[in-house]
Amino acid sequence: MIAIRTEREIALLRQANQIVAAVHAVLKDMIRPGVITREIDAAAEAIIREKGAVPAFKGYRGYPAATCISIEEVVVHGIPSKRALKEGEIVSIDIGVSYKGYFGDAAVTWPCGHVSPDRRRLLEVTDLALSRAIRAAKVGAFLQDISRAVEKTCRADGYGIVRDFVGHGIGTAMHEDPQVPNFDTGRRGPRLKKGMVLAIEPMVNMRSHEVVLLEDGWTAITADHLPSAHFEHSIVVRENGGEILSASRECDWGQRPG
Ligand code: MF3
Ligand code: CO
């Protein structure tokens with residue numbers, strides 16, 4: 001069952017997601033060579049709590065941190081550690097909060113200093129895929145239209161779209177119905193209705209779509225060890241496409257034209 005949220009609930013979901021966006025805006029300026037990922041996580045948790053919200057990832061199925069910080073070949077769910085960022089790496093930051101009983105979730109992949117042109121391109125294409133997927137999330141469309149928008153955007157470059165992790169409904173729980181795949185499953189899926197709230201999150205690998213789970217039970221890396229990008233917004237389905245709840249003026253990912 002996919003929940004239809006009232007405007008009152010959507011306002012609360014926007015508040016939760018705007019806390020996520022505000023944290024992303026601060027963390028953006030921490031991304032530089034030498035910074036330890038645990039420091040980034042600590043800053044995120046402090047801001048989240050200061051705003052009266054709770055870090056939704058912490059304790060979720062035993063996850064130990066407020067954020068997921070996924071460097072280079074780490075696809076998702078990288079655990080903040082003593083590891084320092086290095087010049088030329090790409091770094092995904094994923095943040096979730098709960099606020100007044102409603103959840104926010106968004107992710108962005110930043111370049112650390114100057115990155116190679118192929119990494120830059122991977123970030124741009126993944127961000128563009130999210131943009132197009134959001135535009136496809138309109139009343140009367142099918143869930144499949146979202147997945148197809150991502151797939152179409154990534155195809156030409158020979159990238160591998162991750163299949164083992166998907167987007168999700170979000171509301172009074174972090175993960176609700178439906179699952180939102182980033183590839184065409186061959187099924188139309190449910191029709192999208194006004195007030196459905198989705199976290200759309202393409203994860204795109206430089207080449208192979210295959211991922212491997214490390215022994216910590218969380219860290220997912222690319223099977224070929226090539227870099228991977230991840231962008232996520234929480235959106236509400238509207239007549240003309242998804243309205244972004246986690247939009248941020250300071251970091252305008254997911255809102256590029258094209
Ligand atoms: N954005 C991811 C998701 O929606 C983050 C979950 S991380 C976890 O699944 F630690 F909470 F599992
Ligand atoms: Co998510």
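Visitor: In what order do the five strands of the open sheet stand?

Guide: Strands (E, at least two residues) and helices (H or I, at least four) are DSSP runs, numbered from the N terminus. Two strands pair if DSSP finds at least two bridges between them. In this predicted model, the pairing in the five-stranded open sheet is antiparallel, and the order is E8-E7-E9-E14-E15.

Visitor: Which strands are the edge strands of that sheet?

Guide: The order of the sheet is E8-E7-E9-E14-E15. An edge strand here pairs on one side only, and that applies to strand E8 (176-180) and strand E15 (241-244).

Visitor: What does the twist average from one strand to the next?

Guide: The angle is taken between axes, which are lines fitted to C-alpha atoms (for helices over the stretch in contact), and runs from 0 to 180 degrees between N-to-C directions. For the open sheet E8-E7-E9-E14-E15, the twist from one strand to the next averages 30°.

Visitor: What kind of model is this?

Guide: Residues are numbered from 1 along each chain as its sequence is written, while chains are lettered from A and ligands numbered from 1 in the order in which they are written. Side-chain values use heavy atoms, with hydrogens and water left out; local features need pLDDT of at least 70, side-chain atom pairs count only at pLDDT 80 or more, totals for chains, interfaces and linings use all residues, and the model is predicted.

Visitor: Which residue is the bridge partner of glycine 169 in E8?

Guide: E7 and E8 form a hairpin with six residues between them. Their antiparallel pairing runs over three bridges. Strand E7 (residues 167-169) also pairs with strand E9 (residues 197-200), in the antiparallel sense over two bridges, and there leucine 198 is the partner of glycine 169. In E8, the partner of glycine 169 is glutamate 176.

Visitor: Where is the cis peptide bond that involves proline 178?

Guide: Proline 178 has its place in strand E8. With omega near -5°, the cis bond runs from aspartate 177 to proline 178.

Visitor: At about what angle to E15 does helix H3 run?

Guide: Contact means heavy atoms within 4.5 Å. Another helix, H4 (residues 143-155), lies across E8 and E9 and runs at about 40° to E8. Helix H3 (residues 117-136) lies across E9, strand E14 (233-238) and E15, and its angle to E15 is about 115°.

Visitor: Which strands stand at the edges of the three-stranded sheet?

Guide: This open sheet has the order E6-E10-E13, with antiparallel pairing. Each edge strand has a single partner strand, so one side of each is left without a neighbour in the sheet: these are strand E6 (160-161) and strand E13 (228-230).

Visitor: In E13, which residue is the bridge partner of methionine 203?

Guide: Strand E10 (residues 203-205) and E13 run antiparallel and are joined by three bridges. H3 lies across both E10 and E13, at about 35° to E13. The partner of methionine 203 in E13 is histidine 230.

Visitor: Is leucine 122 buried or exposed?

Guide: Leucine 122 lies in helix H3. Leaving out residues up to four places away in sequence, it touches several others, among them Ile90, Val204 and Asn205. Buried means under 20% relative accessible area, exposed over 50%, and partly exposed in between (1.4 Å probe, protein chains only). Because its relative accessibility is 0%, leucine 122 counts as buried.

Visitor: Which backbone oxygen does the side chain of threonine 222 reach?

Guide: Threonine 222 is found in strand E12 (residues 220-222). At 0% relative accessibility, threonine 222 counts as buried. A polar contact is a pair of N or O atoms within 3.5 Å; within protein, one must be able to donate a hydrogen and the other to accept it, and residues adjacent in sequence count only if both atoms are side-chain atoms. At 2.7 Å, the side chain of threonine 222 reaches the backbone oxygen of leucine 226.

Visitor: What is the phi of glutamate 72?

Guide: Glutamate 72 has its place in the loop between E2 and strand E3 (74-76). At 11% relative accessibility, glutamate 72 counts as buried. Although glutamate 72 is not a glycine, its phi is positive, at about 55°.

Visitor: Is histidine 77 buried or partly exposed?

Guide: Histidine 77 lies in the loop between E3 and E4. Its phi is positive, near 60°, in a residue other than glycine. Because its relative accessibility is 21%, histidine 77 counts as partly exposed.
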